Amino acid sequence: MSTIKKENASSHYDFEKHWNAAYQKTPVNSLGWYEKKPAPSINLIEECNLPHDALIFNAGAGATTLIEELLDKGYTNIVVNDIAVAALTELKNSLTKHKNSNVTFIVDDLTKPTELLKLKNVDLWHDRAVLHFFTEEKQQKAYFDLIRKVVKPNGFVVLAEFNLDGAKKCSGLDVFNYNEEMLQERLGDEFVLLKGFNYTYTQPSGNLREYVYTLFKRKA
């Protein structure tokens, strides 16, 4: 088993308040994780050859540009989650071309899910830069348990997190770094790694962040 950080003060930290404040005090396109064009995610999702009515779930979406890109490509069944109401409000307001689109927004904590437990038959789970904020074993277990609960057989999982050479903090918070093998271990043998690669992301500030991108498929 990969080394897991010990239980610490993050158990009692108010992540909802933290992320709401992040979106309230900083313009979205200046945030350290903002992507004007989420090309690596789009490329992996397109490789799955999903029908346009497939259920795509974006975990911890923030105000990502990915949703507009997916809507532009004709995907019609998208569920978006974040712990911060402010983030999802920004995202809703950004979908100017798709105001009447069928996007479901769920405010919930991925490590203490309530509403998210009602999800089922997810065709694709996408997470960019969310899992690595869960530094405790119980948080990670809750996250991966949720994936196993809601992703259907033959469904896909895209995980993009800070890699082992990546930053150790983000937005003032500690992070937990991953490689492909660690993500495979946490998902378990019922998920097969289809693709994995390291990727250097350039922040709006010009600083660089090292990610690992992975695409898994659940066995039938």
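Analyst: Begin with contact, which means heavy atoms within 4.5 Å. Helices (H or I, at least four residues) and strands (E, at least two) are DSSP runs, numbered from the N terminus. Buried means under 20% relative accessible area, exposed over 50%, partly exposed in between (1.4 Å probe, protein chains only). In this structure, the buried residues of α6 pack against α5 (137-150), β5 (151-162), β8 (191-202) and β9 (208-218). This is a predicted model: local features need pLDDT of at least 70, side-chain atom pairs count only at pLDDT 80 or more, and totals for chains, interfaces and linings use all residues. Residues are numbered from 1 along each chain as its sequence is written, and side-chain values use heavy atoms, with hydrogens and water left out.

User: Which residues of helix α6 are buried?

Analyst: In α6 (residues 180-187), they are Met182, Leu183, Arg186 and Leu187. These lie on the same side of α6, because they cover an arc of only 130 degrees around the axis; the arc is that of the directions from the helix axis to the C-beta atoms.

User: What follows just after α6?

Analyst: Glycine 188 does, with a positive phi of about 100 degrees.

User: How many residues of β5 are buried, and how does β5 pair with β9?

Analyst: Two strands pair if DSSP finds at least two bridges between them. Nine of the twelve residues of β5 are buried. β5 and β9 are joined by seven bridges in the antiparallel sense, with valine 157 opposite phenylalanine 216 in β9. Strand β4 (residues 122-128) runs parallel to β5, with six bridges between them.
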